[in-house]
Structures are given as structure tokens and as C-alpha cells.
Amino acid sequence: MDLIEEIKNDIEKGSIRLFAEYRDRLYFEALRLAGDAAAADDLVMVAMDRAIRNIDSYDSRKSEFFTWLKAILLNCRRDALRRFSATRERLGGERDVAEEEAGVLSDESTEDEIFRRSDAD
């Protein structure tokens, strides 16, 4: 059975299969983004949860499944950085210049960027 259909039909079995098939690949992407193992693990779990909850929005005509997962992962990372930045600003801190220079908080569409990179690969 197709993974997407399995998630839709039996969320528990589908989630287990998703984790088994994509956890390692997604973890290495998360590690590259987050910089440490604990943050990468958290990021993978949040991204997989979001993917499962939004499985109906996946369109195989637009992208490969792993590319879609990477886009979710990157969006989760950006959301976490924005929350961190907002909290720091409320507490009187400043934004991390390295984050801004890296474009982590840019307005560019995450999925479009990932699709371009995947197509280039």
C-alpha cells in the first residue's frame, strides 16, 4: 500500500512506516539546520507530526514526497526561530545577525526554495 494512503487509512501504522522510511534522511537534514542532535530530533518529530496532520495537502504532481517533508522541516525550523526571536525581543534581546544573514528569517517561500534546490540536484 502507498505510504500516503496508509497514513490516511490507519494513522498509527502509517506513522510508524513514515518514521521507519524517512526518519534518518530527515534527521540529517534537521541536523544540518539545527546544529545539534537534540534540536534535530525535536525538529524531526515536529515535522513528522505536521506532515501526518497535513497529509491531505501533499500533491505528488508538485513534488516528491521527501521534498515535501524537507519543506515542512524547514518551515518548522523557521517557525521555531521566529518564536525564539519574538521571545528574545520581548525580553529585550537582539536578533542574531547570523540568522538574518543566512536568510533564515526571510520571506522567500520555503517550498519554492526546496523545489529549486531539489531540481538543481
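This is a predicted model: local features need pLDDT of at least 70, side-chain atom pairs count only at pLDDT 80 or more; totals for chains, interfaces and linings use all residues.
Q: How far apart are the end C-alpha atoms of helix α3, and what span should its residues give?
A: Helix α3 runs over residues 37–53, which is 17 residues. At 1.5 Å a residue the helix should span 24 Å. The distance between the end C-alpha atoms agrees with this, because it is also 24 Å.

Q: Which residues of α3 are buried, and what arc do they cover around the axis?
A: The buried residues of α3 are A40, L43, V44, A47, M48, A51 and I52. They lie on the same side of α3, because the arc they cover around the axis is only 165°.

Q: Which residues are exposed on the other side of α3?
A: Buried residues, A40 and L43 among them, have under 20% relative accessible area, whereas exposed ones have over 50%. On the other side of α3, the exposed residues are A38, D42 and R53.

Q: Which residue has a side-chain oxygen within 3.1 Å of the backbone nitrogen of A38?
A: This contact is found at the start of α3. The side-chain oxygen that reaches to within 3.1 Å of that nitrogen belongs to D36.

Q: Is α2 parallel or oblique to α3?
A: The axes of helix α2 (residues 11–34) and α3 come within 8 Å and cross at roughly 140°. This angle makes the arrangement of α2 to α3 oblique.

Q: Is E29 buried or partly exposed?
A: E29 lies in helix α2. Its relative accessible area is 22%, and the cut-off for buried is under 20%. E29 is therefore partly exposed.

Note on methods:
Residues are numbered from 1 along each chain as its sequence is written. Side-chain values use heavy atoms; hydrogens and water are left out. Helices (H or I, at least four residues) and strands (E, at least two) are DSSP runs, numbered from the N terminus. The expected span of a helix is 1.5 Å times one less than its number of residues. Buried means under 20% relative accessible area, exposed over 50%, partly exposed in between (1.4 Å probe, protein chains only). The arc is that of the directions from the helix axis to the C-beta atoms. A polar contact is a pair of N or O atoms within 3.5 Å; within protein, one must be able to donate a hydrogen and the other to accept it, and residues adjacent in sequence count only if both atoms are side-chain atoms. Axes are lines fitted to C-alpha atoms, for helices over the stretch in contact, and angles run from 0 to 180 degrees between N-to-C directions. Angles under 35 degrees count as roughly parallel, over 145 as roughly antiparallel, 65 to 115 as roughly perpendicular and the rest as oblique.
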